[in-house]
Amino acid sequence: NSKKSREQLLLFAKQYVDIVAKRLENNQEYVLSELSHETAEGTAQYLTIKASQMVGYDYGVMYFDNITNVPFLDIFQQIDAGNFSVQYLYDKMPYQTGAQLCLLFDELDIPNWQEKLNAQTLEYPINLYDILKEYVDDTLSEE
């Protein structure tokens, strides 16, 4: 059911927005840096995924040399096993989380999200979180 899956995606989006809001309260400087990184690198990763799809190349959000479609939770298992350091979460995860957010925007059909990013300035930066928060707040207030 398309409506049900949309409702589920909105629920996940709301949970993400709420978690980031709490994280901003606890450590605004760090989280804003992370959100900026996620926006810059995640949108680049998103474009790589979209270009790959156009040419029929199998590439997605969490692809490693020997594994495709890696679930996000596997990263924590790999950190626990000593295969990745915790620094991976800051250095590399924004590429994947940002790309996943962009794909979510496409799935939710968020209007003009790319134009909003392109309209940002140094004085008024916009990140993926801002776009999703605005959409979630507007959508849930209408329901």
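Mentor: L104 counts as buried because its relative accessibility is 13%, where buried means under 20% relative accessible area, exposed over 50% and partly exposed in between, with a 1.4 Å probe and protein chains only. This is a predicted model, in which local features need pLDDT of at least 70 and side-chain atom pairs count only at pLDDT 80 or more, while totals for chains, interfaces and linings use all residues. Residues are numbered from 1 along each chain as its sequence is written, and side-chain values use heavy atoms, with hydrogens and water left out.

L104 sits in helix α5, residues 93–108, helices being DSSP runs of H or I with at least four residues, numbered from the N terminus. Leaving aside residues up to four places away in sequence, L104 touches L9, A13 and L132, a contact being heavy atoms within 4.5 Å; L9 is 95 residues from L104 in sequence, yet their C-alpha atoms are 7.8 Å apart.

Ring pairs link Y46, F105 and W113 into a cluster, rings of Phe, Tyr and Trp (its six-membered ring) pairing if their centres lie within 6.5 Å, with planes under 30 degrees apart counted as stacked, over 60 as edge-to-face and the rest as tilted.

Notes. Helix = DSSP H or I, 4+ residues; strand = E, 2+ residues; numbered from the N terminus.
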